[in-house]
Amino acid sequence: MQASIRGCCAKATLARNAAAPSVKAWRSQITTHRLLTALRCHSHPAEASSSSNMHTESQQMLSVAPMMDWTDLHFRQLCRLISKQTWLYTEMVVDQTLLHNPDTDRFLWFPPEQHPIVCQLGGSNPKTLAAAAKVVAKYGYDEINLNCGCPSERVAGAGCFGAAMMLQPQLVAQCCQAMQEAVPHIPITVKCRLGVDETDSYEALCTFIKTVSEQSSVRHFIMHCRKCMLSGLNPAQNRTIPPLKREWVLALKRDFPHLQFSLNGVVQNCQEAASIIGHRQEGVEGGGGLHGVMIGRQAFYQTWDCLADADRTVFGATSNPAISRRQVLEKYGKYADAMIGKWLVRDNGQKNPNVRTVFKPLLNMFHGERGSKRWKQAVDGKFKSATSVSELLKDTLECFPNDVLDAPPKQRPVVAWQVDLNLPEPAPKRQCCGDVDSKRAVAMTEQLPSTNEVQLHGQHDGQTGGDAITDTDGDDQDKVLLAAGDCSVAASVAA
């Protein structure tokens, strides 16, 4: 059986590399990564039976980035009501949080309709990350992602994880392989930057990719297209000041054609994502197309405009699941009302989550529409007395005319991606794996050392995970609305 699957992997890869596929054909490809997952499931049927990999048939062409205080359970539910196929990521959850907090539901539970969904973990100790991955697996996540991109100094100093991990590629590989061996049926991926501080050359980036991919089972890298500065810039500045270098991600696909790369960095909407995904590189094995695109804060600030046409534009569906904002709000209201007080109800009547918390994802649903400011003011005035989200919506949506509430998703044209094609020169041959044939790529996973053979590093007594690290940059109106509300329950940091 294993030989048969490996043969299929090799044939699929050779067929894919024979010619650059069309976008339509590319959407239906069965990747080597997924076939390797099938092999793992065959080897571990007990674990596979509880796995959610049945939900990973669709390629991760579009995803919403893990973001501190934003991509919580409730925002993800709103996104899922708007798009059925866009992949969702949790906020980063620190490994120690899951190992020392008995109430893991507050960090990991999600309703089944949120598939496909990825849990992002933070940590730097292979043993604790492996143990945390086992906890995550019990909840049925489709993938587990290791955070190697968070630029906060507080994260880099609290156990040395986040972007600081890029300075230790062998440790990253050990962490990923330890997690993979702990949960063989769940793919492990990495989200990282282009570089850290002065370690910011393309050759250094290739060394990181090569080391992690050869010494672990990781085949998918989500690349935030900026370097980060661990000192001198705060997280918000790290999202704007370091230059954006999208062309580096194309160069990585050129130099590592057997790996999968997704682009993250100032993508405005699903139409732009579709143009990036459809881009092909002449003369590059397999067409040099990217695996997917990840959208960050734009998905929160303009949720409807960003995602409402995603299933049709990106995934090729005949229609979108959400026909109007009115429909989405009605469905979200029912979900939110059921969630109020799910985690805690005090004797004095205080509830966690409360109305403010579950209402928060809706604040930007009408961004740029006439009546938006007046609606937010009306919502703010009724928060104290509101006992449900449905009630609050019913009392305030009159601020909008019907043509706004019932307008279908805007269908913008998908235009050719305008990108700097001055790609960096290929790194020296020793740095990249562009000449690895399909059979060797398939065999890489089987040749990796076991957990017992890996020397464990990065055990820091100072690593903690119980406290959330705040990094919010929402507009002032949202801060006023949420000033009295409880914040996200997840102890997490976005990459």
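**Exercise 1. Which side chain does Arg 325 meet in a salt bridge?**

Before we start: this is a predicted model, where local features need pLDDT of at least 70, side-chain atom pairs count only at pLDDT 80 or more, and totals for chains, interfaces and linings use all residues. Residues are numbered from 1 along each chain as its sequence is written, and side-chain values use heavy atoms, with hydrogens and water left out.

Step 1. Recall the rule: a salt bridge is a side-chain nitrogen of Lys or Arg within 4 Å of a carboxyl oxygen of Asp or Glu.

Step 2. The partner of Arg 325 is Glu 369, at 2.7 Å from N to O.

Step 3. Arg 325 lies in helix 18 and Glu 369 in the loop between helix 19 and helix 20 (372-382), so the pair ties together parts that are 44 residues apart in sequence. Helices here are DSSP runs (H or I, at least four residues), numbered from the N terminus.

Step 4. Arg 325 has 3% relative accessibility and counts as buried; buried means under 20% relative accessible area, exposed over 50%, and partly exposed in between (1.4 Å probe, protein chains only).

**Exercise 2. Find what the buried residues of helix 18 pack against.**

Step 1. Helix 18 spans residues 325-339, and its buried residues include Val 328, Leu 329 and Tyr 332.

Step 2. Their packing partners include helix 5 (73-82) and helix 21 (389-396), with contact meaning heavy atoms within 4.5 Å.

**Exercise 3. How many disulfides does a search of the whole structure find?**

Step 1. A disulfide is a pair of cysteine sulfur atoms within 2.5 Å.

Step 2. The search finds 0. For Cys 148, the closest cysteine sulfur, in Cys 176, is 6.4 Å away, too far for a bond.

Conventions: Helix = DSSP H or I, 4+ residues; strand = E, 2+ residues; numbered from the N terminus. Expected span 1.5 Å × (residues − 1).
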